[in-house]
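Dear colleague,

Please find below the structure that I am handing over to you. My findings follow it, arranged by topic.

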Amino acid sequence: MFPLHQELGARIVDFGGWDMPVQYSSQIGEHHAVRRAAGVFDVSHMCVVDLRGARVRAFLELLLANDVGRLRTPGKALYSCMLNEPGGVLDDLIVYYLAESWFRAVVNAGTRDRDLAWMRRHAASFGVELSERTDLAMLAIQGPEARAKAAQLLAPEDAAAALALGSFSGRELSGWFVARTGYTGEDGFEVMLPAAAAIPAWRKLNSLGVASCGLGARDTLRLEAGMNLYGNDMDESTQPFESNLGWTVALEPAGRAFIGRAPLEAIAARGSRAKLVGLVLEDRGVLRSHQKVLAPAVGEGEITSGTFAPTLERSIALARVPAATGASVQVEVRGKLLNARVVKPPFVRFGKSLIG
Amino acid sequence: MSNVPADLKYTKSHEWVRTLADGTLEIGITDHAQHALGDLVFVEVPDAGRVVKAGEPCAVVESVKAASDVYTPLDGEVTAGNPRLADVPETVNSEPYGAGWLWRLRSRPGALAAAGLMSAAEYEKLLEAEGG
């Protein structure tokens with residue numbers, strides 16, 4: 001896809017060894033295109049792994065903190081953390097249930113090597129085979145008009161099937177895998193397709209009025225949507241309960257032994273010392289990762305992701321703070337203390353502000 | 001192509017300096033700089049009365065992505081920070097050499113000539129060398 005991004009005038013950066021487009025025209029313009037109409041992102045750097053074997057479900061019950069037992073309808077997707085033994089987050093991923101002997105995982109590019117090694121280590125005893133789908137490109141088409149536009153890439157019967165997909169579900173359609181998922185807080189599709197088909201699809205989307213969007217807009221959209229970024233908001237040194245990911249940890253059924261379960265049960269019983277919250281800056285300025293957060297009479301924390309939020313026209317952040325932190329904090333920005341309100345993410349959903 | 005007005009002086013760190021009618025100096029960032037930074041969403045300018053040393057960070061321009069310092073090319077006393085930028089920071093993007101100026105400075109007479117800043121032609125060469 002690189003020549004196309006160059007042709008479209010993208011500003012390119014190295015992202016985990018991949019040359020990725022950061023922005024095409026204006027990062028804010030691309031952000032608004034997704035909130036108001038539709039945009040397309042090249043997310044081919046994401047690592048797609050097919051997991052096959054008669055005991056693949058049992059393997060994933062061990063590997064993932066969320067419970068693949070919840071996946072009963074083929075095509076259904078589950079968001080989960082993959083933990084290490086002490087309960088730290090090795091990665092967050094999406095897993096699709098395609099058939100009883102075939103699941104598909106989508107993991108982060110930056111953790112690819114470690115994830116694959118970890119999966120292989122545990123897959124052997126289940127007889128599960130991993131195959132990385134480097135033959136597939138991945139496009140995310142997101143926004144209120146995204147599904148209708150993206151459906152025009154498909155033959156009529158496939159388009160009808162794609163438009164019938166429920167949220168967080170996908171299916172294979174004539175060699176393309178179309179899923180109603182995303183990382184923006186808007187409706188849309190993520191499409192895995194043969195690499196050779198990606199450039200023509202992109203051009204067709206552009207011709208239908210879908211804006212080319214880069215990683216810059218992807219970051220502001222996901223942060224407004226209150227979605228964590230691996231490596232910023234959580235990593236192997238943090239556990240899900242202090243990462244606003246407790247909802248993805250399935251301690252029920254009690255009998256399911258998953259990696260990291262024992263330490264997480266202990267934390268669930270005594271309560272986590274820290275929590276990941278949303279911040280809305282009340283003063284002028286921009287919150288950035290690693291700025292110090294002061295919770296009066298409670299303690300200190302740190303911003304894990306911060307930005308200017310184009311939809312809200314103010315700065316927002318995710319911050320890890322002591323569990324007892326109340327409704328307001330101060331953030332140290334270049335030696336000054338700025339006031340911020342503590343909120344529960346998301347900040348924006350389906351184009352609308354949720355912060356009041 | 002970046003716009004590089006002929007009547008201004010330039011720094012290697014992409015600031016420009018204009019001499020106003022009353023002899024004070026007006027400082028901003030170049031068209032090349034604003035383009036490289038992208039959409040600006042917050043600008044912090046110095047207060048009038050602040051005494052600054054050449055090379056000192058005096059303003060901060062923040063895009064969606066990152067915060068960048070802007071350095072004063074000359075010693076002097078700040079006579080004004082651009083008040084407009086608190087509400088309309090994107091003026092730096094749309095009018096980098098006009099309404100998007102950052103601060104004004106009173107410097108010693110002759111300081112600008114002595115500072116060895118670049119002419120427009122020299123700055124254009126620098127941009128070419130930087131591949132921009």
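**Helix packing and a buried loop residue**

In this predicted model, helices H3(A) and H4(A) pack at an angle of about 120 degrees, and their axes lie 10 Å apart. Angles over 145 degrees would count as roughly antiparallel and those from 65 to 115 as roughly perpendicular, so H3(A) is oblique to H4(A). The crossing in which H3(A) passes H4(A) is right-handed. On the H3(A) side, A:Phe59, A:Leu62 and A:Leu63 take part, and they meet A:Trp118, A:Met119, A:His122 and A:Ala123 of H4(A).

Helix H4 of chain A covers residues 112-123. Its 12 residues reach 16 Å from the first C-alpha to the last, close to the 16 Å expected at 1.5 Å a residue. Buried in H4(A) are A:Asp115, A:Leu116, A:Trp118, A:Met119, A:His122 and A:Ala123. Viewed down the axis of H4(A), these buried residues fall within an arc of 165 degrees, and therefore they line one face of the helix. A:Asp113 and A:Arg121, on the other side of H4(A), are exposed.

What covers the buried residues of H4(A)? The cover includes helix H3 (56-63) of chain A, together with strands E4 (47-52), E5 (77-83), E6 (89-99), E7 (102-107) and E8 (129-132) of chain A.

The contact involves A:Gln27, A:Glu30, A:His31, A:Val34 and A:Arg35 from H2(A), and A:Gly216, A:Ala217, A:Thr220, A:Leu221 and A:Glu224 from H8(A).

Finally, I draw your attention to one loop residue. A:Leu154 sits in the loop between helix H5 (146-151) and helix H6 (156-163) of chain A. Is A:Leu154 buried or exposed? Its relative accessible area is 14%, and a residue counts as buried under 20%, so A:Leu154 is buried. Apart from its neighbours within four places in sequence, A:Leu154 is in contact with A:Ala159, A:Ala162, A:Leu173, A:Trp176 and A:Val178. The C-alpha atom of A:Leu154 is separated by 8.9 Å from that of A:Ser174, which is 20 residues away along the chain.

With kind regards

Terms used. Residues are numbered from 1 along each chain as its sequence is written. Chains are lettered from A and ligands numbered from 1 in the order in which they are written. This is a predicted model: local features need pLDDT of at least 70, side-chain atom pairs count only at pLDDT 80 or more; totals for chains, interfaces and linings use all residues. Side-chain values use heavy atoms; hydrogens and water are left out. Helices (H or I, at least four residues) and strands (E, at least two) are DSSP runs, numbered from the N terminus. The expected span of a helix is 1.5 Å times one less than its number of residues. Buried means under 20% relative accessible area, exposed over 50%, partly exposed in between (1.4 Å probe, protein chains only). The arc is that of the directions from the helix axis to the C-beta atoms. Contact means heavy atoms within 4.5 Å. Axes are lines fitted to C-alpha atoms, for helices over the stretch in contact, and angles run from 0 to 180 degrees between N-to-C directions. Angles under 35 degrees count as roughly parallel, over 145 as roughly antiparallel, 65 to 115 as roughly perpendicular and the rest as oblique. A crossing is left-handed if the near helix is turned anticlockwise from the far one by less than a right angle, and right-handed if clockwise.
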